[in-house]
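Hello,

Here is the structure I promised to pass on to you. Please have a look at it first, and then read on for what turned up.

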Amino acid sequence: MENRTFYNEILTSHNLRPLHKHDVPDANLELEGLNPSCGDHIILKLKVADGVVEDGGFVGSGCAISQASADMMLDLVIGQTETEARRLADIFLRMIKGKVTEEELEDLDEAAALQDVAHMPARVKCAVLGWHTMDEMLKDSLSGDDGGQPVSAETE
């Protein structure tokens, strides 16, 4: 029961008082994320310089899980290298599939509270929307394929 309370407190806090739900006017990376099955929608913006995520934010709408998860993600990745941000996304996405170690869970900090979403199939796409969007954005950035145009990353 204590785990459920922790989950609810973190989710509520990040949903009602998100630190990163705002525009980032000087962002140099932008990608739209869409969950067509429920309508969750975000536009993720990152300011990346010299391989480091210096700032980030998102705008959009969706359920509490999608919005809180995106906010928690940005808490973790701002100040990290692009490579580290992708590593954290990989851990989060594997956590949702139930394939993560205890040490990796610790790396996710508050985002680890979403671990139980793995047992709620209808909510999995909500939880991974921001993470999947960021991973796609940074994968393209690291490969040099930014294309200059926002594109849509739909959750699988």
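Among contacts between residues at least 6 apart in sequence, what percentage join residues at least 24 apart? In this protein the value is 61%, where contact means heavy atoms within 4.5 Å.

A word on the source before the rest. This is a predicted model, in which local features need pLDDT of at least 70 and side-chain atom pairs count only at pLDDT 80 or more, while totals for chains, interfaces and linings use all residues. Residues are numbered from 1 along each chain as its sequence is written, and side-chain values use heavy atoms, with hydrogens and water left out.

Now the overall picture. The protein has five helices and four strands, taken as DSSP runs numbered from the N terminus (helices: H or I, at least four residues; strands: E, at least two). Along the sequence they come in the pattern α-β-β-β-α-α-α-α-β. Of the 156 residues, 41% are buried, that is, under 20% relative accessible area with a 1.4 Å probe and protein chains only. The exposed surface comes to about 7800 Å², with 48% of it supplied by carbon and sulfur atoms; the areas come from the Shrake-Rupley method with a 1.4 Å probe.

Next, the helix packing. Helices α2 and α5 pack at an angle of about 35°, and their axes are 8 Å apart. Here axes are lines fitted to C-alpha atoms over the stretch in contact, and angles run from 0 to 180 degrees between N-to-C directions.

I65 sits in helix α2, which spans residues 64–77, and counts as buried because its relative accessible area is 5%. Between I65 and D40 there are 9.7 Å in space, C-alpha to C-alpha, and 25 residues in sequence.

Finally, the search of the whole structure gave one aromatic pair (rings of Phe, Tyr and Trp, the last by its six-membered ring, with centres within 6.5 Å; planes under 30 degrees apart count as stacked, over 60 as edge-to-face and the rest as tilted). The partners are F92 and W131, stacked at 4.2 Å centre to centre with 5° between the planes. F92 belongs to helix α3 (residues 82–96) and W131 to helix α5 (residues 121–142), 39 residues apart. F92 is buried, at 0% relative accessibility, and W131 is buried with a relative accessible area of 0%.

Best wishes

Technical notes:
Buried < 20%, exposed > 50% of the residue type's maximum accessible area, 1.4 Å probe, protein only.
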